Amino acid sequence: MPGRVRVLVLGVVLAVFVLVALAARTAPALGEWMAAGWLAAAALPHLHASHWIQRCRRDRAGTPYVDLCSVWIFAGAIVLPLVLELALVAVLYAHRWALVNRFDAVRPPHRTVFTAATLALSAAAAATVLRLSDVQDHLAGGARPGWVDLAAVVVAAAVQWVVNTVLVGTVIAWTVTVEHPRLLLGSASDNLLEMGQLALGVFVALALLWWPPATLLMIIPTFALHQCVQLDQLKLAARTDQRTGLLNAIAWHEQAERALQRTRGLVGVLMIDLDWFKRINDTHGHPVGDDVLAAVATVLTRAVRRGDTVGRYGGEEFAVLLPEVDEAEVRAIAERIRLRIRALRVSTPRGEPVTLSATIGAALHPAMPEADLDGVIRAADDALYAGKKAGRDRVALAGL
C-alpha cells in the first residue's frame with residue numbers, strides 16, 4: 001500500500017480502539033443488553049443464511065460493493081449504547097470474515113478490519129447525531145416520534161453514509177486510478193441499496209424498542225432483499241461481456257432488434273474489427289490484449305451518441321447500432337471511432353506502447369435489400385472484410 005494509505009487505515013483502526021475504550025467506561029443497562037441480544041439474534045441468522053450470496057457478489061464485483069450489514073448497524077446506532085454498537089459491528093464483520101473472506105488471498109484480513117472500522121466510525125457519528133437531538137431518549141422513553149425526530153433520523157443516516165463513503169473513497173482514490181471522481185461515491189444502484197438498508201434499520205430499531213420479538217421477522221425482508229440484489233446481478237452478468245463491460249453478442253442483438261422495431265428512419269450498423277490483434281496477444285501476451293479490448297470499449301462508448309447500442313460481438317470485433325441516421329452521419333461516426341482508436345495508446349507492463357488501428361464496415365437499414373437485422377449485420381460484415389482486403393484501417397460502407 002502507498003504510505004498515506006497505510007497511515008489512514010491504521011489511523012481509522014486506532015480511532016476505533018480509542019472509541020471503544022471511551023465508550024466502555026459506561027456499563028450498559030440490562031435492557032440494553034437484551035436489545036443487543038435481540039439484534040444479534042436477527043442479524044447473525046440473516047448473514048449466515050446469505051453468506052453464499054455475499055461470496056458470489058464479492059467474486060463478481062472485483063471492486064468495493066455494498067454489503068447488507070447496514071440494516072442492523074443503523075438500528076443499533078438508534079437503540080444501543082455506543083459500546084454495544086461497536087461490539088455489534090465487530091461481531092458482524094468477524095462472522096463475515098469467517099464465512100466469506102477467510103479463504104480469499106486477494107482480500108486479506110486487514111481489509112475486513114478496515115471495513116469494520118469505517119462502519120464503526122460512521123455508526124458512532126450517526127449515534128452522536130441521534131444523541132444530540134434527543135431521539136434516543138424520546139424513543140427509549142416510549143414517546144411518540146414526531147417530525148423533528150424523523151428529520152434527526154434522516155440526518156443521522158446521511159451522516160453514516162457520508163463518513164463511510166469518504167473513508168472508503170479516500171482509500172480507493174489513493175490506491176488506484178479512477179476514470180471519474182463520481183465513481184468514488186459508488187454506483188447509483190449501490191447507493192439506492194444503502195438508502196433502503198438505512199430505512200429498514202429504522203423499522204428494526206422501532207421493533208427493538210416496542211416489540212423486540214418482531215425484530216426476528218426482519219430476517220425475511222432482508223434476506224429477500226439479498227436475493228433480489230443477487231438476481232439483478234445475475235441478469236446483468238448474463239448480458240455483459242466481462243472483459244469490456246459492454247453488452248455481449250446475445251444481449252446486443254436483442255437490444256438492437258428492439259431498437260430496430262422502434263425506429264422509423266434509417267438505422268446504421270457498424271462492425272468494427274481491430275487490425276492485427278493476434279499480433280498483440282502473441283507479442284505482449286493476453287493480459288495486454290485484454291487491456292486493449294477494455295480501452296477500445298471505452299473509446300466506443302464515448303464516440304457514439306446517446307441512445308446508440310454498443311456491444312462486443314466476439315474476439316476483437318465490436319458492433320454498434322445507430323438509430324435515426326443517414327449515410328453522412330454513419331460515415332462521420334465510423335470515421336470518428338476509427339481515428340480515436342488509431343490515437344489510442346495502451347502501455348505494456350514494461351512501458352512499451354501498443355499502437356492500434358481498426359477496420360469498420362457499415363450498412364444502413366432499410367437502404368440494404370435485406371429487411372431484418374441479421375441481413376444488415378451480414379452486409380456490414382461483408383463491407384468490413386472488403387475494407388480489410390483494401391488495406392485495413394479504413395471505413396467501408398456496404399453497397400456504396
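Reader: Which residue stands opposite Phe-318 in strand 3?

Author: This is a predicted model, in which local features need pLDDT of at least 70, side-chain atom pairs count only at pLDDT 80 or more, and totals for chains, interfaces and linings use all residues. Residues are numbered from 1 along each chain as its sequence is written, and side-chain values use heavy atoms, with hydrogens and water left out. Strands (E, at least two residues) and helices (H or I, at least four) are DSSP runs numbered from the N terminus, and two strands pair if DSSP finds at least two bridges between them. Strand 2 (residues 309–314) and strand 3 run antiparallel and are joined by five bridges, and the residue opposite Phe-318 is Arg-312.

Reader: In the hairpin of strand 2 and strand 3, which residue takes a positive phi?

Author: Two residues lie between the strands of this hairpin. The positive phi, near 55 degrees, belongs to Gly-315.

Reader: Which residue of strand 3 is the bridge partner of Asp-273?

Author: Strand 1 (residues 267–274) is joined to strand 3 by six bridges, and the two run antiparallel. The partner of Asp-273 in strand 3 is Glu-317.

Reader: How many of the residues of strand 3 are buried?

Author: Buried means under 20% relative accessible area, exposed over 50% and partly exposed in between (1.4 Å probe, protein chains only). Glu-317, Ala-319 and Leu-321 are buried on one side of strand 3, and Phe-318, Val-320 and Leu-322 are buried on the other. Strand 3 (residues 317–322) is largely enclosed by the rest of the structure, because the buried residues number six of the six.

Reader: Which strands stand at the edges of the sheet?

Author: The open sheet has five strands in the order 2-3-1-6-7, with mixed pairing. Each edge strand has a single partner strand, so one side of each is left without a neighbour in the sheet; these are strand 2 and strand 7 (395–397).

Reader: At about what angle does helix 11 run to strand 2?

Author: Axes are lines fitted to C-alpha atoms, for helices over the stretch in contact, and angles run from 0 to 180 degrees between N-to-C directions. Helix 11 (residues 249–262) lies across strand 1, strand 2, strand 3 and strand 6 (358–365). Its angle to strand 2 is about 140 degrees.

Reader: How far apart in space are Leu-373 and Ala-256, C-alpha to C-alpha?

Author: Leu-373 is found in helix 15 (residues 373–389) and counts as buried at 1% relative accessibility. Contact means heavy atoms within 4.5 Å; leaving aside neighbours within four places in sequence, Leu-373 is in contact with residues including His-253, Ala-256 and Leu-321. Leu-373 and Ala-256 are 117 residues apart in sequence, and their separation in space is 7.8 Å.

Reader: Is Ala-42 buried or exposed?

Author: Ala-42 has its place in helix 2 (residues 30–49). Leaving aside neighbours within four places in sequence, Ala-42 is in contact with Trp-72, Thr-215, Leu-216 and Ile-219. With a relative accessible area of 0%, Ala-42 is buried.

Reader: Are helix 6 and helix 8 roughly parallel or roughly antiparallel to each other?

Author: Helix 6 (residues 109–132) and helix 8 (residues 147–175) pack with their axes 8 Å apart, at an angle of about 150 degrees. Angles under 35 degrees count as roughly parallel, over 145 as roughly antiparallel, 65 to 115 as roughly perpendicular and the rest as oblique. Helix 6 and helix 8 are therefore roughly antiparallel.
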